[in-house]
Amino acid sequence: MAALLRLAQAQQPDIVVWSGDITQRARRSQFAAARRFADEIKAPHRLAIPGNHDIPLFNVAARLLAPYANFRRSFGPELEPVISNPQWLVIGVNTTRPWHHKDGEVSAAQIDRVAARLNEAQPGQIKVVVVHQPVCVTLDKDRKNLLRGHEAALAQWGQAGVDLILGGHIHLPYVVPLKALRGGAEHPFWVVQAGTALSSRVRGNTANSVNLIRHPALPGQPLSIERWDFKAEQSAFAPVS
Ligand SMILES: [Fe+2]
């Protein structure tokens, strides 16, 4: 936690995105701790969406009657926040479904709403959609974790000009380039998965990591996606790819 705070202090991010699984069991105390930590990261904008761990698992009454109560108490009422400034359009999508608990889903209505918002983006804005479960996986064994509705989401959001689709859930950081047809031309976009920032739940020998996404310095230049891993020997996050 201290290393991540130092990284944020050094990098001064404009926007901090929390792509879900902020807590382990969605308990009030866990959300309160997460919020205290989030408040220590000074940034003009914070965008958080719930992951499946952010809705109660064992308390079935709470899961079905008020699944987002603790999330909202700490991170605000909005489960699908949007940030829009001259550099960025970032659209959060709630892909948790309390009745499925772990499996995520994006509905046709959500896909349409996001596509419409993407189509209204201003020139110069990098267009980012944030979901929890992945829309694209790199390992066969992760196919079961794919977001339900991902094919339609990729097709429609690609066509609507999305640049990046951020996700988490499977503790495995990677970037996959994809393409869509937009206005008769090929439009490239990227799926950017976050690893585990802070918890001890990591995949195999993958380190704790965060992604840093930098806006292009000049219009037409590429943006960059950097993965920073926690290096125990330095007690610091360092860029690795
Ligand atoms: Fe998850």
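I began with the open sheet, in which three strands follow the order β9-β10-β11 with antiparallel pairing. The model is a predicted one. I looked up the edges: β9 (209-214) and β11 (236-239) are the edge strands, each pairing on one side only. From one strand to the next I noted an average twist of 30 degrees.

Next I checked what lies against the sheet. Helix α1 (residues 2-11) packs on it and touches β9, β10 and β11. I recorded an angle of about 55 degrees between the direction of α1 and that of β11.

How many bridges join β10 to β11? I found four, with β10 spanning residues 224-231 and the two strands running antiparallel. I also looked across this pairing and saw phenylalanine 230 opposite phenylalanine 237, the latter in β11.

**Helix α5**

I turned to α5, residues 108-119, a helix of twelve residues. Its first and last C-alpha atoms are 16 Å apart, close to the 16 Å expected at 1.5 Å a residue. Which residues of α5 are buried? I listed Ile111, Val114, Ala115 and Leu118. Viewed down the axis of α5, the buried residues fall within an arc of 100 degrees, so they line one face of the helix. On the face turned away from that buried side I found the exposed residues Ala109 and Ala116. I then asked what the buried residues of α5 pack against. The partners are β4, β5 (126-130) and α6 (150-159).

**Nonpolar core**

As background, I kept in mind that nonpolar side chains tend to be buried together in soluble globular proteins. The largest nonpolar core here has 46 residues. Within this core, I noted that Val128, Val129, Val130, Trp157 and Ile165 touch the most other members.

I followed up valine 129. Leaving out residues up to four places away in sequence, valine 129 touches Ile91, Val93, Val114, Trp157, Val162 and Ile165.

**Asparagine 85**

Last, I looked at a loop. Asparagine 85 sits between β3 (82-84) and β4 (88-92).

Methods
Residues numbered from 1 in each chain as written. Predicted model: local features only at pLDDT ≥ 70, side-chain atom pairs only at ≥ 80, totals over all residues. Core = buried A, V, L, I, M, F, W, Y, C linked by C-beta atoms within 7 Å. Buried ≥ 20, exposed ≤ 12 C-beta atoms within 10 Å, placed from the backbone. Contact = placed C-beta atoms within 7 Å. Pairing = 2+ DSSP bridges. Axes fitted to C-alpha atoms, helices over the stretch in contact; angles between N-to-C directions. Expected span 1.5 Å × (residues − 1). Arc of directions from axis to C-beta.
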